[in-house]
Amino acid sequence: MVDSSKDVNGNFPGDKKIIVVFVLGGPGSGKGTQCTRIVENFGFTHLSAGDLLRAEIKSGSENGTMISNMIKEGKIVPSEVTINLLQKAMLESGNDKFLIDGFPRNEENRAAFENVTKIEPEFVLFFDCPEEEMEQRLLSRNQGRDDDNIQTIRKRFRVFVESSLPVVEYYDMKGKVQKVDALKPIDEVFESVKAIFAPLNRAASDDNKLHYIQGILFVRAAEARFECSRISLIRWMISF
Ligand SMILES: Nc1ncnc2c1ncn2[C@@H]1O[C@H](COP(=O)(O)OP(=O)(O)OP(=O)(O)O)[C@@H](O)[C@H]1O
Ligand SMILES: Nc1ccn([C@@H]2O[C@H](COP(=O)(O)O)[C@@H](O)[C@H]2O)c(=O)n1
């Protein structure tokens, strides 16, 4: 169901703070695996650009054949298509905290997302893993994906180095990259991830406390104003 607090163009209202974390890393670095755990522990909605594109193929959409061919070749689908799918999924989720996994994959993805949504990521979670390890993981993933074969895997690695790493470097220059050693076992990687996300929860809890205190002060001020009016009324009545 689409959240009615968003406008008809699909824009999020200006006063609602949307938190977006981009999750990047080479194919098979463990992005999806860690996102599942972040969702369980930190209340984010996980949106995998690759999963959304695969679902679009399955839905029988007019873009299906084009997307399928791009994925088999390890190429990057035009931004307009992927951003449409992401925006729709964000609006439908009703959440305000998103892990956007496998996006932005190139400079075109990055600039188009910023132009369309006006959203800047809180930070970029970057899983750093050597190619040999990623290759082994992908070859034994066994999820029946058309692109988990050695020919396509090599193409995906090339696209990652040539097109996706520059995006990571762009955000690194802005001081927004949180790099994690993804070569470690899954549980150890998640320990590093938890340390990165914990401050976000603390900030949210401080924010809640502040709103609570502001609420109490508001009620007290209203009570004081009411008391003053009551005294003024009694004085006025006595004066007769
Ligand atoms: N730290 C890890 N150590 C060993 N295996 C892992 C680790 N993290 C994930 N894996 C395994 O590696 C495979 C790829 O992981 P995952 O699907 O999470 O990667 P990904 O980065 O999302 O890949 P893609 O970009 O291709 O979607 C999976 O089979 C997963 O179980
Ligand atoms: N922003 C994106 C993300 C993905 N793709 C295509 O999907 C393939 C699989 O992506 P995963 O993240 O699930 O590995 C990828 O190789 C691209 O062909 C894309 O075009 N744009």
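Reader: What percentage of the 240 residues in the protein chain is buried?
Author: This is a predicted model. A residue needs 20 or more other C-beta atoms within 10 Å to count as buried. Of the 240 residues in the protein chain, the buried share is 25%.

Reader: How many helices and strands does the protein chain have?
Author: From the N terminus on, the elements run β-α-β-α-α-α-β-α-β-α-α-β-α. The totals are eight helices and five strands.

Reader: How far apart are the C-alpha centres of domain 1 and domain 2?
Author: Domain 1 covers 19–198. Domain 2 covers 207–240. Their C-alpha centres are separated by 53 Å.

Reader: Among contacts between residues at least 6 apart in sequence, what share joins residues at least 24 apart?
Author: Contact here means C-beta atoms within 7 Å. Take the contacts in the protein chain between residues at least 6 apart in sequence. The share that joins residues at least 24 apart is 79%.

Reader: Now the ligands. Which element gives the largest share of the shell around ligand 1?
Author: The shell holds 15 residues, and Gly 30, Lys 31, Gly 32, Thr 33 and Arg 137 come nearest. Helix 1 (31–42) and helix 8 (186–238) each supply at least two residues. The largest share, three residues, is from helix 1.

Reader: How many residues around ligand 1 are polar?
Author: Gly counts as polar in this scheme. The shell around ligand 1 has four nonpolar and three charged residues. Its polar residues number eight.

Reader: Which element gives the largest share of the shell around ligand 2?
Author: Ligand 2 has 18 residues around it, with Ala 49, Gly 50, Val 77, Gly 102 and Arg 105 nearest. Two elements give two or more residues, helix 2 (49–58) and helix 3 (64–72). The largest share, three residues, belongs to helix 2.

Reader: And how many nonpolar residues are in the shell around ligand 2?
Author: Six residues of this shell are polar and four are charged. The nonpolar residues number eight.

Reader: Phe 103 next. Is Phe 103 buried or exposed?
Author: In UniProt, an unreviewed entry lists Phe 103 under "binding site", along with residues including Gly 102 and Arg 105. Phe 103 sits in the loop between strand 3 (97–101) and helix 5 (107–117). Because Phe 103 has 26 C-beta neighbours inside 10 Å, its class is buried.

Reader: Which residues does Phe 103 touch, not counting residues up to four places away in sequence?
Author: Touching again means C-beta atoms within 7 Å. With residues up to four places away not counted, the partners of Phe 103 are Phe 22, Ala 49, Thr 82, Leu 86 and Asn 109.

Reader: Why does Arg 156 count as buried?
Author: Arg 156 is also in the UniProt "binding site" list of the unreviewed entry. Arg 156 lies in helix 7 (residues 150–173). Leaving aside neighbours within four places in sequence, Arg 156 contacts Pro 27, Gly 74 and Asp 147. Arg 156 is buried because the number of other C-beta atoms within 10 Å is 22.

Reader: Is Gln 151 buried or exposed?
Author: Gln 151 is found in helix 7. A residue with 12 or fewer C-beta neighbours is exposed. Gln 151 has 11 inside 10 Å, so Gln 151 is exposed.

Reader: What separates the C-alpha atoms of Gln 151 and Gly 28?
Author: Along the chain, Gln 151 and Gly 28 are 123 residues apart.

How values were computed. Residues numbered from 1 in each chain as written. Chains lettered and ligands numbered in written order. Predicted model: local features only at pLDDT ≥ 70, side-chain atom pairs only at ≥ 80, totals over all residues. UniProt positions renumbered as here; feature names shortened; annotations may be inferred. Helix = DSSP H or I, 4+ residues; strand = E, 2+ residues; numbered from the N terminus. Contact = placed C-beta atoms within 7 Å. Near = placed C-beta within 6 Å. Domains from an automatic or database assignment.
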